[in-house]
Number of protein chains: 2
Amino acid sequence: MSKPLRDRLTEALQTASKADRAIANYMLSDMGGLPFETAASLASKVQVSEPTVGRFCRSIGYDGFKDLKRNLKNDMGDQPWLIGDRLRDLQERTKAGEDQLSRGLELEMAALVAVYEAAHSPAWPRTVKRLATARKVFAAGFQTERGMAQIFVNQLQYLRDDVYLLDLGGGNFAELLAMDGDDAALVIFEARRYSSHAQMLAEDAKVAGIPVILITDPYCDWGHDVSDAMFVVPTAVNLFWESTAQMASLANLLVNGVFLELGPEVEARMNKFAQLYGRFTGHVGDAVQPRTEGRRTT
Amino acid sequence: MSKPLRDRLTEALQTASKADRAIANYMLSDMGGLPFETAASLASKVQVSEPTVGRFCRSIGYDGFKDLKRNLKNDMGDQPWLIGDRLRDLQERTKAGEDQLSRGLELEMAALVAVYEAAHSPAWPRTVKRLATARKVFAAGFQTERGMAQIFVNQLQYLRDDVYLLDLGGGNFAELLAMDGDDAALVIFEARRYSSHAQMLAEDAKVAGIPVILITDPYCDWGHDVSDAMFVVPTAVNLFWESTAQMASLANLLVNGVFLELGPEVEARMNKFAQLYGRFTGHVGDAVQPRTEGRRTT
DNA sequence: GACATCTTGAAAGTTTTCTTGCCTACTCGC
DNA sequence: GCGAGTAGGCAAGAAAACTTTCAAGATGTC
């Protein structure tokens with residue numbers, strides 16, 4: 001995570017030469033327009049030569065104008081709560097440069113922002129309501145996304161009945177697709193390379209009239225046609241493969257939405273669940289297996 | 001000429017060819033990132049050739065990709081698209097009291113930072129190395145953390161043999177605990193209320209001499225004694241319950257670490273995996289010719 | 001099953017964008 | 001005013017971004 005552009009520019013305003021100040025000033029005044037500029041277009045606007053723009057960018061720590069633009073993409077700016085000491089520490093430690101991890105952090109943060117934005121999209125409340133009210137909710141995920149579906153199901157089960165993780169153990173998806181006309185919802189987690197199951201399942205569900213909620217990466221081009229609501233989670237994170245980790249956050253927000261929708265009386269259910277877990281499995285620190293409670297006579 | 005890009009793209013989704021749809025779809029899902037793309041970068045992301053991108057832009061009425069970007073500037077109007085501004089926007093909502101969700105975003109970001117910090121802790125490289133070299137790796141999670149373990153296992157299996165998800169189907173954990181003296185590693189995901197299984201498992205593993213890697217929330221007071229390495233993921237997120245979502249990110253970083261440790265020759269394995277998946281299940285679009293690549297980012 | 005049409009990628013070409021090297025002009029200290 | 005040092009422009013060169021051409025493959029049609 002690098003120092004925000006804005007800071008570098010204001011710094012430059014103090015120290016730099018006349019031409020550089022002009023550049024810095026212009027950049028500050030129209031950050032939003034920057035990505036559309038080229039070194040040349042900028043140069044002509046501030047009346048300096050093209051090389052000067054390049055040199056200026058290098059003087060404030062980038063590799064050139066192009067590099068500046070690249071960094072701008074994930075520049076969070078100076079969000080006071082974000083630039084805490086810990087983050088700064090982390091920056092320091094990773095300054096070595098050979099560590100692309102910190103760049104991954106930026107990207108993952110951006111993904112998180114996108115997730116929260118999704119939670120404000122028009123499709124969101126509709127989706128939440130459906131998950132809260134449908135008679136049955138199914139979730140599916142394949143390959144590495146299977147676990148996402150699992151998480152979602154486990155969480156949602158705390159809040160309501162009839163939540164199922166779909167799997168292909170039986171060789172078909174009859175649990176879902178055979179219940180025709182019934183009032184259900186299907187949530188699919190998927191990321192490329194998409195399992196052909198995901199697409200088939202979505203298509204068949206659509207045909208069966210079951211609303212499909214699709215949670216994918218930005219590369220899914222088949223989703224629009226077959227889904228009722230589609231939430232896109234950025235997955236490019238600069239690791240050796242893409243990271244769908246932030247889907248977990250989205251799933252979580254969905255579940256949270258359902259909780260709010262259902263209202264406080266679900267708490268009773270949740271307590272019961274916890275209790276049952278305690279009875280059959282036990283929690284750390286449950287002094288006695290609560291089983292005795294249930295059996296107590298008199 | 002003045003029809004907004006978004007409309008043209010959605011239109012294209014209906015009519016256009018496969019490659020064009022992929023492009024249109026990607027553009028729609030990441031409009032904000034568009035100004036930073038070039039025809040080439042976009043092409044590689046959606047797996048088409050560079051000329052195709054250019055042709056597509058022309059087909060929806062622009063003069064080429066460059067022209068599309070130029071028009072984008074006006075099209076996007078006032079809606080914020082610099083990640084920093086988007087973040088600020090979400091923040092505004094909190095202040096306005098519209099929802100407390102965005103407060104959650106802050107906390108979740110902090111959690112993410114903590115995860116990346118963990119990846120720089122002294123215990124990290126040791127852990128990664130163990131996961132890469134142990135003869136067998138087991139992972140376990142209970143209740144809502146079961147899915148986390150599942151994700152971790154599914155991912156790690158792409159990279160190496162002998163990775164197992166522990167579960168209590170058989171009533172004990174013999175798979176792990178009976179293999180005494182063998183060279184194994186155990187990863188446990190857990191958050192409160194901790195399943196008593198988690199603790200028991202960790203204890204028994206320790207006794208059996210199996211190193212335990214524990215990934216928990218900040219409230220776990222029993223972990224230090226029984227674990228070889230312990231990574232704490234903040235979970236307070238201002239929702240009705242705590243969110244362990246960022247554990248997925250940590251799992252992901254671990255797997256990434258293992259990848260780096262194993263070196264590039266694992267790619268062969270990954271390709272084989274993807275191929276096998278294609279053979280028995282199939283990927284979307286495989287009909288023609290199974291591509292052998294994994295989901296690597298290039 | 002053969003023909004026409006559409007779609008797409010590879011390779012080579014063209015234009016745009018950025019950098020490098022060099023030179024002039026200005027500033028500042030003496 | 002003179003010389004050292006710096007800032008900044010110009011022009012040529014390098015690199016990147018984009019197009020054109022062409023041929024192969026896919027798809028549809030009769």
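This is a predicted model: local features need pLDDT of at least 70, side-chain atom pairs count only at pLDDT 80 or more; totals for chains, interfaces and linings use all residues.

Colleague: What is the handedness of the crossing of helix 8 of chain A and helix 13 of chain A, left-handed or right-handed?

Modeller: Residues are numbered from 1 along each chain as its sequence is written, while chains are lettered from A and ligands numbered from 1 in the order in which they are written. Helices (H or I, at least four residues) and strands (E, at least two) are DSSP runs, numbered from the N terminus. A crossing is left-handed if the near helix is turned anticlockwise from the far one by less than a right angle, and right-handed if clockwise; for helix 8 and helix 13 of chain A, the crossing is right-handed.

Colleague: Why are helix 8 of chain A and helix 13 of chain A described as roughly perpendicular?

Modeller: Angles (from 0 to 180 degrees between N-to-C directions, with axes fitted to C-alpha atoms, for helices over the stretch in contact) are what we compare. Under 35 degrees counts as roughly parallel, over 145 as roughly antiparallel, 65 to 115 as roughly perpendicular and the rest as oblique. The axes of helix 8 (residues 123-133) and helix 13 (residues 246-262) of chain A come within 9 Å and cross at roughly 65 degrees. Therefore helix 8 and helix 13 of chain A are roughly perpendicular.

Colleague: Which residues in helix 13 of chain A does helix 8 of chain A meet?

Modeller: Contact requires C-beta atoms, placed from the backbone, to lie within 7 Å. From helix 8 of chain A come A:Val128, A:Lys129, A:Leu131 and A:Ala132, and their partners in helix 13 of chain A are A:Leu254, A:Gly257, A:Val258, A:Glu261 and A:Leu262.

Colleague: What is the strand order of the open sheet in chain A?

Modeller: Strands pair if DSSP finds at least two bridges between them. The edge strands, each pairing on one side only, are strand 2 (163-165) and strand 5 (229-232) of chain A. The five strands of chain A pair in parallel, in the order 2-1-3-4-5.

Colleague: Which helix of chain B gives the most to the side that touches chain A?

Modeller: The contact takes 69 residues from chain A and 67 residues from chain B. With ten residues, the top contributor on the chain B side is helix 7 of chain B.

How values were computed
Two residues are in contact if their C-beta atoms, placed from the backbone, lie within 7 Å.
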